[in-house]
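This briefing sets out the architecture of the chain shown below, grouped by topic.

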Amino acid sequence: MLTQRAVRAGKMGIRAAAGHESGLRTSRRTARNLRSLRSDAAIDVGDSARHRAAQLQKYGFLPLVPGYSAELVESLQASMALADDPATSIGMGGLIKDSVRYVVDPLAVIPRVKELLTPELAEILRAWYGAEFRIASIRAWRIAHIPEAERGQHHYGNLWHVDGHELDAMKLFIQVSPNATREGSAFRLLPAPDTHRAFCLGFVDPTHAVGPARRILETKPVYFDGPPGDVAFVDTNRCLHRAGIPAEGQTRGMIQFFFKPSASAPVDGDYFANVPLDKNVYEGAIA
Ligand SMILES: O=C(O)CCC(=O)C(=O)O
């Protein structure tokens, strides 16, 4: 028999699911624009990219090993020190300012990020959009340990959440830290179908999940715990996700590309020619 608490939780879950869906409904215009771009564009992609894009669409994420050189990966790892240099980065922690630090202009100070968008990754994106794409921003940040007692509160992306980006947004996460373990700092996500179930079964908000949703959050996560140089496309609108917490004295870095569709290919094929600074990364902002 259902207890009153379970019934209440169920109702909250249904409301949360409805809120989630209505958030999606408000993006109808975005979806219409994307449909029209798709019908205008003559996108030429191979079967492998098409297949991977279909996986990305179905599960909301796609892990890949692009085969970056060891030398490139080491250079990016070393560059993450810039996230702790006050000349190139800022603290954006919600409660503890330096619990997360963002590089303000990653493209300027880590120019080798340009080598991360391989032709293979670009083709998967084109297949997913059914259109051309642009890089809307690039992020490089590192997170730090937060004590156990503090973890129920928002510091950075440490609580389960979905993003409220427009529906045509896609993120590429690039692992740069060697110590991203599932017990510790690894980014983790729920595949889109599990996210939908969690919203229907008691996920209310980042600080409140009840009943079956809690079990889904405990048992279904996929961990981004591969070595530096591994990448994952993640539709963070459709997949609940959160940062893991680095062990005491450690940090975990990440580089991330944020994509949007585009009506045309960039001039000379240079996707990095006009990438703006991320408007959410500035002194005083919170991650
Ligand atoms: O640092 C992390 O792992 C969290 C990232 C996140 O929540 C996001 O990029 O949407």
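Buried residues account for 40% of the 287 residues in the chain of this predicted model.

**Overall dimensions and contacts**

- Taken along the principal axes, the box filled by the C-alpha atoms of the chain is roughly 65 × 50 × 30 Å.
- Of the contacts between residues at least 6 apart in sequence, 83% join residues at least 24 apart.

**The open sheet**

- An open sheet of 7 strands is arranged in the order β1-β10-β5-β12-β4-β3-β2, and the pairing is antiparallel.
- The edges are taken by β1 (61–64) and β2 (89–91); each has a single partner strand, so one side of each is left without a neighbour in the sheet.
- On average, and with direction ignored, neighbouring strands of this sheet are turned by 25° against each other.
- Helix α3 (residues 47–59) lies across β1 and β10 (231–234), and it runs at about 130° to β1.

- Strand β5 (residues 170–175) is mostly covered, with 6 of its 6 residues buried.
- In a regular strand, side chains alternate between the two faces of the sheet.
- From β5, Met-170, Leu-172 and Ile-174 point one way, while Lys-171, Phe-173 and Gln-175 point the other way; all are buried.
- β5 and β12 run antiparallel and are joined by 6 bridges; here Ile-174 stands opposite Ile-255 in β12.
- β5 also pairs with β10 in the antiparallel sense, over 4 bridges, and the bridge partner of Lys-171 in β10 is Val-234.

**The nonpolar core**

- In soluble globular proteins, nonpolar side chains tend to be buried together.
- The largest nonpolar core comprises 73 residues, and Phe-61 and Ala-198 have the most contacts inside it.
- Strand β4 (residues 132–144) supplies the largest share of this core, 7 residues.
- With neighbours within four places in sequence left aside, Ala-198 is in contact with Leu-190, Phe-203, Ala-213, Ile-216, Leu-217 and Leu-240.

**Helix α7**

- Helix α7 (residues 192–200) has as its buried residues Ala-192, Asp-194, Thr-195, Ala-198 and Phe-199.
- Viewed down the axis of α7, these buried residues fall within an arc of 155°, so they line one face of the helix.
- An α-helix has 3.6 residues a turn, so residues three or four places apart point the same way.
- Gly-202, which follows α7, has a positive phi, near 120°.

**A non-glycine residue with positive phi**

- Asp-268 is not a glycine, although its phi is positive, at about 55°.
- Asp-268 lies in the segment after β12 (251–262).
- With 7 other C-beta atoms within 10 Å, Asp-268 is exposed, because the cut-off for exposure is 12 or fewer.

Conventions: Residues are numbered from 1 along each chain as its sequence is written. This is a predicted model: local features need pLDDT of at least 70, side-chain atom pairs count only at pLDDT 80 or more; totals for chains, interfaces and linings use all residues. A nonpolar core is a set of buried Ala, Val, Leu, Ile, Met, Phe, Trp, Tyr and Cys residues joined through C-beta atoms within 7 Å. A residue is buried if 20 or more other C-beta atoms lie within 10 Å of its own, exposed if 12 or fewer, and partly exposed in between; C-beta atoms are placed from the backbone. Helices (H or I, at least four residues) and strands (E, at least two) are DSSP runs, numbered from the N terminus. Two residues are in contact if their C-beta atoms, placed from the backbone, lie within 7 Å. The arc is that of the directions from the helix axis to the C-beta atoms. Two strands pair if DSSP finds at least two bridges between them. Axes are lines fitted to C-alpha atoms, for helices over the stretch in contact, and angles run from 0 to 180 degrees between N-to-C directions.
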